[in-house]
Amino acid sequence: MKLDIKKFFDNINHSWLLANSRLPKVVLKSILTANIMEDGMTKVNVAGTPQGGPLSPILANITLNGIEEIGTLKGKTALIRYADDILILTRDKCSFEKILPDLNKFLDIRGLSFNHNKTWIGEISDGFEFLGFEFKEFKYSAKYPQSKTRPGKNGNFLVQPSEKSIKKLKQNLRKIYKNHQKDTSFKLIEKLNPILRG
């Protein structure tokens, strides 16, 4: 199961964050309540955290720290989180339904809720995308033979970059190449290397 939190950065509860963060309260309050300029108009920020700034990932982690423990408390469930991207691995749907009330309570206190339209529930054999990678289990076949060194019970588990990630990478490389056609090869390689390494 891949969970999506509805408008995560827009809905974080300021009162909860101020009460539960170790950051200096005066500094945090000034960051959270700073006015936002959109389309030439200034508006007062009453909820959520500023996106794109250096503090947004830190505030996201402060808000969601501890959610991983909900899965482990209820038995054979693994909850994996990277910032606001959450993946829950359970043996069956019943195991997920056991932890759902605790997850909802955890998020509700913080002013957050699940986006049910973007939340994915399915079998691992169906495959899923998470953080730009595709995860899928394949039954043994000529294309995916059984490993001699690490045999699995049912099949092979394949992890590879998703089509969307590959497409985005190619677009990015084309853009860099186009913008630096008149530069030296050294300059072009200097621009491409960090992306290719990543």
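Helices, meaning DSSP runs of H or I with at least four residues, and strands, meaning DSSP runs of E with at least two, are numbered from the N terminus. By that convention, the protein chain has eight helices and eight strands.

Before the details, a word on provenance. This is a predicted model, in which local features need pLDDT of at least 70 and side-chain atom pairs count only at pLDDT 80 or more, while totals for chains, interfaces and linings use all residues. Residues are numbered from 1 along each chain as its sequence is written, and side-chain values use heavy atoms, with hydrogens and water left out.

Let me turn to confidence. The predictor's confidence in each residue, pLDDT, runs from 0 to 100. Its mean for the protein chain is 79, and 84% of the residues reach 70 or more. Confidence is lowest in helix 5 (residues 67-73), with a mean of 71, and highest in helix 7 (residues 163-179), with 88.

Two figures describe the chain as a whole. A residue is called buried under 20% relative accessible area, exposed over 50%, and partly exposed in between, using a 1.4 Å probe and protein chains only. Of the 198 residues in the protein chain, 27% are buried. With contact meaning heavy atoms within 4.5 Å, residues 24 or more positions apart account for 52% of the contacts in the protein chain that have a separation of 6 or more.

I come now to the sheet. Strands count as paired if DSSP finds at least two bridges between them. Three strands form an open sheet in the order 1-5-4, with antiparallel pairing. Its edge strands are strand 1 (2-3) and strand 4, each of which pairs on one side only. Strand 4 (residues 77-82) and strand 5 (residues 85-90) run antiparallel and are joined by six bridges. Thr77 has Thr90 of strand 5 as its bridge partner, and Arg81 has Ile86.

Lys7, in the loop between strand 1 and helix 1 (8-11), has a positive phi near 40° although Lys7 is not glycine. Lys7 is exposed, at 58% relative accessible area. Leu131, in the loop between strand 6 and strand 7 (133-139), is likewise not a glycine and has a positive phi of about 55°. Leu131 is partly exposed, with a relative accessibility of 41%. Just after helix 4, Gly66 adopts a positive phi of about 105°.

Helix 4 itself (residues 56-64) has several buried residues, including Leu59, Ala60, Thr63 and Leu64. Thr63 leads us to Arg110. The backbone oxygen of Thr63 is 2.7 Å from a polar atom of the Arg110 side chain; a polar contact is a pair of N or O atoms within 3.5 Å, where within protein one must be able to donate a hydrogen and the other to accept it, and residues adjacent in sequence count only if both atoms are side-chain atoms.

Arg110 is located in the loop between helix 6 and strand 6. Is Arg110 buried or exposed? Arg110 is buried, because its relative accessible area is 9%. Arg110 also lies over the face of Phe106, 3.5 Å from the ring centre; the criterion is that NZ of Lys or CZ of Arg is within 6 Å of the ring centre and within 35 degrees of the ring normal. Not counting residues up to four places away in sequence, Arg110 touches Asn11, Ile12, Asn13, Trp16, Thr63 and Asn65.

Asn115 is found in the loop between helix 6 (93-109) and strand 6 (128-130). Asn115 is buried as well, at 14% relative accessible area. Its side chain reaches the backbone nitrogen of Asn117 at 3.2 Å. Leaving aside neighbours within four places in sequence, Asn115 contacts Asp4, Ile5 and Lys6.

Finally, the aromatic rings. Rings of Phe, Tyr and Trp (its six-membered ring) pair if their centres lie within 6.5 Å, with planes under 30 degrees apart counted as stacked, over 60 as edge-to-face and the rest as tilted. The structure holds one such aromatic pair. Phe128 and Phe135 form the pair, which is stacked, at 5.1 Å centre to centre with 10° between the planes. Both Phe128 and Phe135 are buried.
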